[in-house]
Number of protein chains: 2
Amino acid sequence: MTIYDISKKAGVSIATVSRVLNGSDKVRPSTRKKVLDIIEKYEYTPNAFARGMGLHSLKTIGILCADSSDLFLAKAVYFLEQELQANGYESILCCTGYNLDIKKNYVDLILSKKVDGIILVGSNFIGTDEEENQYIKEASAQIPIMLLNAAFDYPNVYSTLCDDYAAMSEAASAMLNAGIRDILYLYNSDSYSGQKKLKGFKAAMERHGVDGYEKLIYCYDGPPQRVRDVAKFVESIARETPFRGVIAAEDELAIGAIKNAQNHGVRIPEDLSVIGYNNSMLTCCCTPELTSVDNRLESQTHQLVQTLLGVLSGEEMPKQSVFSGKLIKRGTTLF
Amino acid sequence: MTIYDISKKAGVSIATVSRVLNGSDKVRPSTRKKVLDIIEKYEYTPNAFARGMGLHSLKTIGILCADSSDLFLAKAVYFLEQELQANGYESILCCTGYNLDIKKNYVDLILSKKVDGIILVGSNFIGTDEEENQYIKEASAQIPIMLLNAAFDYPNVYSTLCDDYAAMSEAASAMLNAGIRDILYLYNSDSYSGQKKLKGFKAAMERHGVDGYEKLIYCYDGPPQRVRDVAKFVESIARETPFRGVIAAEDELAIGAIKNAQNHGVRIPEDLSVIGYNNSMLTCCCTPELTSVDNRLESQTHQLVQTLLGVLSGEEMPKQSVFSGKLIKRGTTLF
DNA sequence: CCTTAAAATGTAAGCGCTTACATTTCATGA
DNA sequence: TCATGAAATGTAAGCGCTTACATTTTAAGG
């Protein structure tokens, strides 16, 4: 079933069928109906490839993320997918895994699908040195590049993010104000927003004049989902240096700390206060519930798609949309 | 940059370039190198649409799932995506949401992308009455349909699943053997495998001669991720009927039950035994850790992709691959 | 060095669609 | 009724690629 068959059966030319298909222009209502009836009757669907070839677009967005089974990323992907779909776009998902040396390959791959835009989900797509980000510059020459929860200043690159610095700083201050000064800070290798959170934490510690807090800053390398391993990691730290507070850059890490505490009979929040980050579903999976920073994922995804749609339709759009994080207080903290 | 430009620069015909591109046939090594050098130099990537038009395939698989942020589905999608990618296929993800009346639309949508196959992730794609599954029959006339964790007997439809009936039956028996007979069974609307689990539970209860166990079978309708709501739901049940065991068809539901118990000072596992299902990361996010049934997701996804690849290359493949679930015993049970 | 068949390469016809431009149809006012 | 321009429709030229088939090159045997 091609456009030719339809045109023949409807007694019109292929151009007319094509016009009907594209909802375009001026087609007499009676003609339109005639064609649509035939299309309906034969359950015709246009060939996407041929279509893309003519249209140079298939209303498809490429979504790249490291690991769609990561709680935060999965949620982001879901929101994005829904939002795009609601706006008539489809998404190609591509999980890069955590080895991001080959980021460029994935971007090329997805570019070759002739997507209309690319969304990079998660801040680990942004490297620390300039050369590492070359691939973004190249890709942005072709189509808009959208960053969720990260920022990169370059033409045709747009981002949404949470003010992680401020949010983490606020979280740390809250704990410090409650008189807890020996705080274990747990983070993982998430580059861009990870750096900002860390800086926010440090700033708060300095502001409150805490000495030697760096001793208790630890990076857990490995998939954060492996909560059991995180707990072991925390156990090894606790053997060396005692602490009465934990602030984690991801909820998973916080849960690992809680787990270790409960394994050792440490009471939460009486003996140990814990703050996570992302306000994920994990916050309500432990007892007591986890205090956590909400980084406005839903707002971010919404804004990102709106920005993308704007850009695609030629509007001038904000390069960067920043949302304020918010500390959601629950049972793992006394304050 | 088209294949013409490359052919010109390399001093060969477009056919030769195309052959090099497709790794095909007989091209003299020297010629191949010459062409590849030019391709490399100009960073040429073939147009996917034009390619698909000729090849009638773009090595792309459509993945449909209700909600990629659901723990189980997210993990499945991730495994599938990785496995497909490792085999040179890409994936188009499409989240249908939980309103599955419109399943057919999504399948059509993804069919129009000319994917080589469709993977339906999660058993809620299979309806209970025949007509509801019509859309699968239609789609399977065009391309292979793969079902993860569900089954449907029809030509060109392949499935992998866990023997949920046996696994759930085993779980219930374990609890019954430990002397716990007042068991709350929590499930949600997940149709196909949900039915099997429920049947497995009932069978075990009958086999052990438990009377009136149906009173404690409850369906929680709503997104299982909303653990707080699940906990409230369980609370309302507990007010009516006491129980000393909980078996849940999803880990999320089990966590909700644990949460409610801990809110009320009920000790786990002394006063209450809990078994979940899926063996997800949630099992280690609570204290004590959650006993859960592993439904072999990773094996299933692996097998599913292998089967799909086999089918696509014309081999005869098993219509259905069944894996045995396994009860992973942890801290929420005494046995 | 010539024949011959195999190997390598080239030629050109699509694939199914969009769209600029050409042509026909239609409605309007004179 | 007829000219006239607008609206509707048709014609045909691509889009960038694959591939059957035609042609040329190569190498081996006589």
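This is a short chat about a predicted model with protein chains A and B and DNA strand C.

Visitor: Let's start with chain A. What does its secondary structure come to?
Guide: Chain A has 12 helices and 12 strands.

Visitor: And what box do its C-alpha atoms fill?
Guide: Roughly 85 × 40 × 30 Å, taken along the principal axes.

Visitor: How many residues are in chain A, and what share is buried?
Guide: Chain A has 335 residues, and 50% of them are buried. As for its contacts with a separation of 6 or more, 71% join residues 24 or more positions apart.

Visitor: Which domains does the assignment give for chain A?
Guide: Domain 1 covers 3–46, domain 2 covers 60–162 + 297–325, and domain 3 covers 164–295.

Visitor: How many Å separate the centres of domain 1 and domain 3 of chain A?
Guide: The separation is 61 Å, with the centres taken over C-alpha atoms.

Visitor: Switching to helix 2 of chain A. Which residues are buried there?
Guide: Helix 2 spans residues 14–21, and its buried residues are A:Thr16, A:Val17 and A:Val20. Seen down the axis, they fall within an arc of 100 degrees, so they line one face of the helix.

Visitor: Why would residues a few places apart point the same way?
Guide: An α-helix has 3.6 residues a turn, so residues three or four places apart do that.

Visitor: What do the buried residues of helix 2 pack against in chain A?
Guide: Helix 1 (3–10) and helix 3 (29–41) of chain A.

Visitor: What comes just after helix 2 there?
Guide: A:Gly23, with a positive phi of about 55 degrees.

Visitor: Now chain B. Which residues of its helix 2 are buried?
Guide: B:Thr16, B:Val17 and B:Val20. Just after helix 2 of chain B, B:Gly23 has a positive phi of about 55 degrees.

Visitor: What lies around DNA strand C?
Guide: 26 residues surround DNA strand C, and the closest are A:Ile3, A:Ser18, A:Gly54, B:Ala15 and B:Lys26. Helix 2 and helix 4 of chain A, together with helix 2 and helix 4 of chain B, each give two or more residues to that surface.

Visitor: How do the residues of that surface near DNA strand C divide?
Guide: Into 13 nonpolar, 9 polar and 4 charged.

Visitor: On to the protein interface. How many residues of chain B are in contact with chain A?
Guide: 39 residues of chain B contact 39 residues of chain A. Elements giving two or more residues on the chain B side include helix 5 (71–86), strand 2 (90–95) and helix 10 (227–240). By class, that side has 19 nonpolar, 11 polar and 9 charged residues.

Visitor: In what sense do strand 2 of chain A and strand 2 of chain B pair?
Guide: Antiparallel, over 3 bridges. A:Leu93 stands opposite B:Ser91.

Visitor: What about B:Glu81, buried or exposed?
Guide: B:Glu81 is buried, because 27 other C-beta atoms lie within 10 Å and the cut-off for buried is 20 or more. B:Glu81 sits in helix 5 of chain B.

Visitor: Which residues does B:Glu81 touch?
Guide: Leaving out residues up to four places away in sequence, B:Glu81 touches A:Ser68, A:Leu93, A:Cys95 and B:Ser91.

Visitor: And how many Å apart are B:Glu81 and B:Leu93?
Guide: They are 9.2 Å apart, C-alpha to C-alpha, and 12 residues apart in sequence.

Terms used:
Residues numbered from 1 in each chain as written. Chains lettered and ligands numbered in written order. Predicted model: local features only at pLDDT ≥ 70, side-chain atom pairs only at ≥ 80, totals over all residues. Buried ≥ 20, exposed ≤ 12 C-beta atoms within 10 Å, placed from the backbone. Helix = DSSP H or I, 4+ residues; strand = E, 2+ residues; numbered from the N terminus. Contact = placed C-beta atoms within 7 Å. Nonpolar A, V, L, I, M, F, W, Y, C, P; charged D, E, K, R; others polar. Pairing = 2+ DSSP bridges. Arc of directions from axis to C-beta. Domains from an automatic or database assignment. Near = placed C-beta within 6 Å.
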